[in-house]
Amino acid sequence: MAGQKGHSMRYYSTQRPIGPGTFPKREWNKVLEIHNFDQKTYCEEIGREAWGYIDYEKPLDRYDCSSYELTAVQTKILHLQYIGIDSWGRYVYEDENGDLWKLTDCCSPREVCEQRGDTPHSACNNAFDGEPDCPMGAEIKPEYI
């Protein structure tokens, strides 16, 4: 990724400049760099305007990104193939690595969940009827095939 050190993860702040209380602080995830722009600026990496960015040593989860209104630079693509509905009515997908993922909004049509960008969750024990477990990392972009 352009302008990044090593394998750090970059997140853009689209709602406000980065300052105290505007980003997650985690003992296990070191902040490597914070950079604010002079004004809201279009950033090609995320396809929208942002006030600045913050680089972390490790990826943040989607909940931290959502809570702090940070947009991850998506550096990995997973292709998800729909394979059915589990016994709890959740949409189940398989990626190219054989891992199972679930969309959990059983009240919306599958295509609506995909288009609106619902967060896929891993399936516990990689089982078709397994409970939804960990959310897909914010750095991963799911592509539905």
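Colleague: What is the order of the open sheet of 4 strands?

Modeller: In this predicted model, the order is E2-E3-E1-E4, and the pairing is antiparallel.

Colleague: Which are the edge strands there?

Modeller: They are strand E2 (31-43) and strand E4 (70-72), since each pairs on one side only. Neighbouring strands of this sheet are turned by 25° against each other on average, with direction ignored.

Colleague: What makes up the open sheet of 6 strands?

Modeller: The order is E9-E8-E7-E6-E5-E10, and the pairing is mixed.

Colleague: Why is one side of strand E9 and of strand E10 left without a neighbour in the sheet?

Modeller: Strand E9 (132-135) and strand E10 (140-144) stand at the edges; because each has a single partner strand, one side of each has no neighbour in the sheet. On average, neighbouring strands of this sheet are turned by 45° against each other, direction ignored.

Colleague: How do you know that strand E6 and strand E7 pair?

Modeller: Strand E6 (residues 91-94) and strand E7 (residues 100-103) run antiparallel and are joined by 4 bridges. The cut-off is at least two bridges, so these strands count as paired. Tyr-91, for instance, has Leu-103 in E7 as its bridge partner.

Methods: Residues are numbered from 1 along each chain as its sequence is written. This is a predicted model: local features need pLDDT of at least 70, side-chain atom pairs count only at pLDDT 80 or more; totals for chains, interfaces and linings use all residues. Side-chain values use heavy atoms; hydrogens and water are left out. Axes are lines fitted to C-alpha atoms, for helices over the stretch in contact, and angles run from 0 to 180 degrees between N-to-C directions.
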